[in-house]
Amino acid sequence: MQLSDKTVNKPGAPRARHLTLSLNNPTIRAILWQIGLGLVVILAGWYLAGNTMANLARLSIASGFGFLDRESGVQIGESLIATGPRDSYGDIFIVGLLNTLKVSGVGIVLATILGVLLGMARLSSNWLVARFAATYVEAVRNVPLLLQLFIWYALLTEGLPGPRQAEPLIPGVDIFLSNRGLKFPAPADDPVWAWVAVLFAVGVLATLAISAWNRKRQLSTGQRLPMTPIGLGLILGLPLAFLALSGGGAMDVPVLQGFNFRGGMTLSPEFAALLFGLTLYTAAFIGEIVRSGILAVPKGQTEAATALGLSRSTAMRLVILPQALRVIIPPTTSQFLNLTKNSSLAVAIGYPDFVAVANTAINQTGQAVEGVLSIMIVYLVISLALSAFMNWYNRRVALVER
Amino acid sequence: MQLRLWGAALAVTCLTAITGTAQAGPTLDAIKGRGQLFCGVNAGLPGFSNPDSQGKWTGLDADTCRAVAAAVLGDANKIRFTPLSAQQRLTAVQTGEIDLLARNTTWTLTRDAQGLNFAPTTYFDGQGLMVPKSLGVTSAKQLDGATVCVQMGTTTELNLSDWFRTHNLSFKPVVIEALDEVNAAYFAGRCDVMTADISALAGTRATVAPKPDDHLILPEVLSKEPLGPVVRHGDDQWRDIVTWTIYALIEAEEKGITAANVDEKLKDADPVVQRLLGVQGDMGPLLGLDKQWAYRAIKAVGNYGEIFNRNVGKGSPLKLDRGLNALWTNGGLMYAPPIR
C-alpha cells in the first residue's frame with residue numbers, strides 16, 4: 001500500500017489532497033471495498049434475520065428465549081444435579097450441558113491415556129504388542145462411531161442380566177452389574193466423609209509442596225527423594241488411615257426394591273456405552289498422533305540419551321516425549337474437540353446430553369431456531385474454551401524446549 | 001440419524017428465511033402443476049405407514065394420502081412419500097416441503113396455533129404402557145420406580161411425566177431418538193415399561209416382539225391422542241379438500257359404499273349417495289375439484305371401515321378393535337358432517 005501511494009502521487013502535487021479524495025488512490029479504493037463488503041454482509045444478515053422473523057410471525061411460531069423460564073414438565077433420566085419435571089427449560093438445559101461435559105471430560109482423559117499407550121505400543125519392539133496395537137487402531141478407526149455406539153449399547157443391554165437376576169460382582173460386596181447399569185455403594189451424608197475429603201486435599205497440597213522442594217534440592221545437590229511412595233502415602237494413606245481409625249463412615253448401599261436398585265451410585269448403560277465408544281474411537285486416532293510425534297523426534301536424540309546412560313523408559317520420559325509433545329499437542333486438540341462434538345451422538349442411544357435435551361425442548365415448545373441456536377452456542381463455547389486451554393498448554397510446552 | 005436431524009434444523013432456518021414467501025400460492029395449484037402430492041409419513045409404524053417387502057407404503061396414514069391424491073389428481077399413485085422423524089415432521093409442513101402430513105400426529109392446541117391446521121381425526125388413540133408379563137404388573141399404579149423407554153420428540157414424553165407426577169410415582173425415562181432403538185432397548189430388558197400410543201404398542205407387539213404373548217398392554221390410558229392429517233396454516237382451500245376427503249370416506253362407510261360396489265352405487269337412488277359420488281350437485285367444484293373426487297377416493301382405497309380393517313383392524317396383524325373409531329351409529333366417534 002505504501003508502494004501504491006508513491007505511484008499515484010505526482011511530483012509537486014500536494015500529497016494530502018490525493019490521499020483524501022482521489023478514487024484513483026488504491027488505498028482509498030481498498031478501504032472503500034472493505035466498507036462496501038462489510039455493508040453487504042451486514043445487509044444480508046439483516047435481511048435473513050428480518051425475513052426469518054417475519055416468516056416465523058406469519059406462521060404463528062413464537063420466537064425469543066422466553067421459553068427458558070417456563071416449566072418444562074419433562075423428567076431427565078440422569079443428572080449430576082437434582083432435577084424434576086418442575087424444572088424450567090433453562091434448568092434442564094443446564095442438566096444436559098453438565099451431562100455433555102461429564103461424558104466429554106471423562107472421555108478426553110481416558111482417550112488420552114489409552115491413546116498414549118497405543119502410540120507407544122505400536123512402536124514397541126515386541127512384535128505381538130506392536131501388531132495388536134496396529135490391528136486395534138485400523139479396526140476401530142475405520143468403523144463409524146455411530147455403529148460402535150449401537151454395538152456397545154446392545155452388548156450392555158442385551159448381554160447383562162435384569163436387575164432382579166443380578167448377583168453381586170464380588171460375593172459379599174454390594175456392587176451389582178445389570179442391564180440397568182453398574183450400581184455401587186456411595187458415601188452417605190456423614191461428617192466422616194467431609195474429614196476424609198479435607199485430608200485428601202491436605203495430602204495433595206503437601207505432595208505438591210514436597211515435590212517442589214525436592215526439585216530444588218535435586219538441582220543443588222543432585223540427590224532426589226523417591227516421590228512416588230511419598231505422594232501415594234500422603235494422598236491415599238492419610239485419608240485411609242483416618243477412615244480406619246474412625247471406624248469407617250456410613251455408606252449408601254444399593255438395595256433391590258421393586259423394579260430396580262435403590263440407593264448407591266449408578267453408572268448407566270447409556271453413559272457407559274457412549275463413554276466406551278468415544279474413548280476407544282478417539283484413542284485410536286490419538287495413538288496414531290502419538291506415534292507420529294515420537295517418530296518425529298530424530299533418532300540421534302534416543303542414541304544420545306542411551307550414550308548418556310539413560311534407560312529406555314527414562315529416555316522416553318525425559319528426552320523423547322517432551323520433544324514429541326510439540327508435534328502431538330495441536331492435532332490432539334482437534335481430537336479432543338471431535339470427541340466433544342461426537343458426544344452429541346448420545347441421542348441415538350438415549351443418553352440425555354445437551355443435544356438430546358434441546359431436541360426435547362424444541363419438540364415441546366416448537367422453537368426450533370432458538371433450540372438449534374442454543375446447541376450451536378454451547379458447542380462453540382465448549383470448543384473455544386478447550387482450544388484456548390490447549391493453545392496455552394502448547395505454548396508452554398514449546399517454550400520449555402527452547 | 002444425526003445428519004437428518006441437523007438437516008431438519010437447517011431446513012427450518014434456511015427455508016423459513018429464504019423460500020418462506022415463495023410458497024404462499026395455493027397448494028392445490030402447486031400439486032396440480034407438478035402432478036404429484038408430497039406426503040409426509042412415518043418411517044416405519046406397522047398399521048399406519050410402513051413400507052412392505054416391495055417397498056410400497058402401506059397403512060392407514062399411507063391410504064389417507066392415496067385418497068387425497070385420487071381426489072385431487074385422479075391417480076392414487078401420484079404421491080411422493082417422505083418418511084419423517086417425529087422432530088422433523090411439523091417443520092416439514094410449515095416450510096412447505098410437504099403438502100400433507102399423515103404421520104400419526106396428535107392434534108393439540110399448541111400445534112394447531114403454531115402454523116398448522118389439523119384435518120379430522122382419522123384414528124382416536126390414547127397413550128398406553130406395555131410391560132413384560134413376567135413383571136407381574138397389572139396396573140400402571142404399581143409402576144413406582146420403574147424405568148420407562150420412550151421415543152424422543154413426541155407428546156408421549158410429556159404425558160408420561162405428567163401422569164407419574166399426578167399419581168405421585170417416580171420413574172426413570174430412557175429417551176431414544178429412533179423407534180427401532182426404543183424397541184430394541186425395551187425387548188433387551190433395559191426398561192421395565194415401554195410407552196407409546198396404544199395402536200403403536202399393539203403394532204410393535206404384533207410385529208417386533210420375539211413372543212407377542214409375553215407382553216401386556218396395561219388398562220390405563222394416559223392421554224387422549226387424536227391422530228389426524230396436518231396441513232399448513234393459511235391455505236383454507238387445501239385444508240377443506242383434505243378435510244372433506246376424509247369425511248367422504250367416513251360418509252361412504254355410513255352409506256355402505258365400498259371400493260368394490262362404488263360403480264353400482266352410482267345408480268343408487270339415495271340423494272346423499274348421489275351428491276357424494278358426484279351424480280348430482282356440485283360438491284367437488286365447490287372445493288376446487290371435479291365432480292368425481294369422492295368417487296375416485298373411495299374407488300382407490302375403499303371407505304373408512306375398509307381402510308381401518310385392512311391396516312389396523314381384524315384383517316391386519318394388529319387386530320385392534322374399532323372402539324372409539326367405530327361410526328357414530330355404532331357408538332364410536334367417526335361422524336361426517338352432511339355433504340350437501
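**Entry 1: confidence**

I began with chain A: its mean pLDDT is 86, and 93% of its residues reach 70 or more. pLDDT is the predictor's confidence in each residue, from 0 to 100. Over residues 1-9 of chain A the pLDDT is below 50. That stretch has 10 contacts in the model beyond near neighbours in sequence. Two residues are in contact if their C-beta atoms, placed from the backbone, lie within 7 Å.

I noted the ground rules. This is a predicted model, where local features need pLDDT of at least 70, side-chain atom pairs count only at pLDDT 80 or more, and totals for chains, interfaces and linings use all residues. Residues are numbered from 1 along each chain as its sequence is written, while chains are lettered from A and ligands numbered from 1 in the order in which they are written.

Chain B came next. Its mean pLDDT is 88, with 92% of its residues at 70 or more. Residues 1-25 of chain B stay under 50. For the complex, the predictor gives an ipTM of 0.72 and a pTM of 0.74.

**Entry 2: domains of chain B**

I looked up the division of chain B. Domain 1 covers 2-124 + 226-330, and domain 2 covers 126-224. These bounds come from an automatic or database domain assignment. The domain centres, taken over C-alpha atoms, are 29 Å apart. Domain 1 of chain B puts 16 residues into the contact, and domain 2 of chain B puts in 13.

**Entry 3: H3 and H9 of chain B**

I turned to two helices (DSSP runs of H or I, at least four residues, numbered from the N terminus). H3(B) spans residues 60-73 and H9(B) spans residues 236-254. They pack at an angle of about 110°, with axes 10 Å apart. Axes are lines fitted to C-alpha atoms over the stretch in contact, and angles run from 0 to 180 degrees between N-to-C directions. So H3(B) is roughly perpendicular to H9(B) (65 to 115 degrees).

Which residues of H3(B) meet H9(B)? I found Thr64(B), Ala67(B), Val68(B), Ala71(B) and Val72(B). Their partners in H9(B) include Ile241(B) and Leu249(B).

**Entry 4: H13 of chain B**

How many of the nine residues of H13(B) are buried? I read eight, over residues 293-301. Buried means 20 or more other C-beta atoms within 10 Å of a residue's own, all placed from the backbone. Trp293(B), Tyr295(B) and Arg296(B) are among them. The cover over the buried residues includes H3, H9 and H14 of chain B. Just after H13(B), Gly302(B) takes a positive phi of about 85°.

Terms used. Parallel < 35°, antiparallel > 145°, perpendicular 65-115°, else oblique. Buried ≥ 20, exposed ≤ 12 C-beta atoms within 10 Å, placed from the backbone.
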